[in-house]
Amino acid sequence: MRRLLELAIEGISKSYPGRGLALDAFSLTLGPGVLGLLGPNGAGKSTLMRILATLTRPSAGAVLWNGVDVAKAPDTLRAVLGYLPQDFGVYPHLTAVEFLGYLAALKGLAPGTSRQRIDELLNALNLWEARAVPLGEYSGGMRQRVGIAQALLNDPELLIIDEPTVGLDPEERVRFRNLVAELAGKRIVLLSTHIVSDVEATAERIAILHHGRLVASGTPEALLQAVQGRVWEWLVPAEEAQAARGRFLVTSTLRRPEGVQLRVVHEGPPAAGARAVAPTLEDAYLKLAAGAPAHAS
């Protein structure tokens, strides 16, 4: 039985010379389950992931793992951490078994335990048939699955995954989401992405990061409530679509023979012919992110 787990992020900021703030007083407390961290590219997600993985020190604030300051005692977290960075590299001449065995040894896993764990992960991630193939011959999606496998080698209590579905085809995305769902409840899983569909089926909580700031967090249901009654579908002539995009927050467009169907988030109907529709998490994300002010550099 696993111990109670808590990751407390307290007022984390990170600034870089000439670039200003990448993170601005970010605070959030996580318990077991899946947190989806949503934000556009450049929002500060990878910076936060690197700080939590003890690879980068914050300019201000603290990260506490079960009450222990990670900056003062990083090994308390590193021993139970699994991390898949956005840019994950491999040794092209090693096979998946050799590469994972090498990383398992670096993590201190016993040889017998590590081989059993590697076999389990290769099967779970649909890599068993290619286990003896050099990684240099793998597709981008296959290499990403090897990255997910190495993050899970030590059965981590904190699993940090940064943009995990880059390069995965639709079938592989579904397999990955199912795997994340199986991990939920046993550990803290922090899944960072700019793709809403990566988190909407698996995350119990979602946090939205924009311009380095936490702009909203809560359950998917709570975030949907923020745009309830404010989402509209509106058919406009094709020549008027561009002007409408300039006036309203348009979350999607669909071309039809009779014009362009816009999906709009707005307090009231954007026009007499617009009809109210049920909101999606994508609507909520885009609305909440659009309302976030840019920080001063």
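Asp283 and Arg263 are both buried, a word used here for residues with under 20% relative accessible area, while exposed stands for over 50% and partly exposed for what lies in between, as found with a 1.4 Å probe and with protein chains only. These two residues form a salt bridge in which the closest N and O atoms are 2.9 Å apart; a salt bridge is counted when a side-chain nitrogen of Lys or Arg is within 4 Å of a carboxyl oxygen of Asp or Glu. The pair links distant parts of the chain, with Asp283 in helix α10 and Arg263 in strand β13, 20 residues apart. Glu233, Arg263, Arg275 and Asp283 are linked in a network of salt bridges.

The model is a predicted one, in which local features need pLDDT of at least 70 and side-chain atom pairs count only at pLDDT 80 or more, whereas totals for chains, interfaces and linings use all residues. Residues are numbered from 1 along each chain as its sequence is written, and side-chain values use heavy atoms, with hydrogens and water left out.

**Other salt bridges**

A search of the whole structure finds 11 salt bridges, and the table gives some of them.

| Pair | N to O distance |
|---|---|
| Asp283 and Arg263 | 2.9 Å |
| Asp24 and Arg213 | 3.0 Å |
| Arg187 and Asp155 | 2.9 Å |

Asp24 forms its salt bridge with Arg213, and this pair links strand β2 to strand β10 (residues 213–218), at positions 189 residues apart. Asp24 counts as buried at 18% relative accessibility, while Arg213, at 28%, counts as partly exposed. The side chains of Arg187 and Asp155 also meet in a salt bridge. Arg187 lies in the loop between α6 (170–183) and β8 (188–193), and Asp155 in the loop between α5 (140–151) and β7 (158–162), so the pair ties together parts that are 32 residues apart in sequence. Arg187 is buried, with a relative accessible area of 4%, whereas Asp155 counts as partly exposed at 36%.

**Strands and helices**

The protein has 10 helices and 14 strands, where helices (H or I, at least four residues) and strands (E, at least two) are DSSP runs numbered from the N terminus. Strands of a sheet pair through backbone hydrogen bonds, either parallel or antiparallel, and two strands are taken as paired if DSSP finds at least two bridges between them.

Four strands form an open sheet in the order β12-β13-β11-β14, with antiparallel pairing. β12 (249–256) and β14 (275–276) stand at its edges, each with a single partner strand, so one side of each is left without a neighbour in the sheet. Within this sheet, β11 (residues 231–236) pairs with β13 (residues 259–265) over six bridges, and Val231 has Val265 as its bridge partner in β13.

Elsewhere, strand β1 (residues 7–16) pairs in the antiparallel sense with strand β4 (residues 60–65) over five bridges, and the partner of Glu10 in β4 is Ala62. Seven bridges join β1 to the antiparallel strand β2 (residues 20–30), with Leu21 in β2 as the bridge partner of Ser15. The hairpin of β1 and β2 has three residues between the strands, and Gly18 there takes a positive phi near 80°.

**The whole chain**

Of the 297 residues of the protein, 48% count as buried. The C-alpha atoms fill a box of roughly 70 × 45 × 40 Å, taken along the principal axes.
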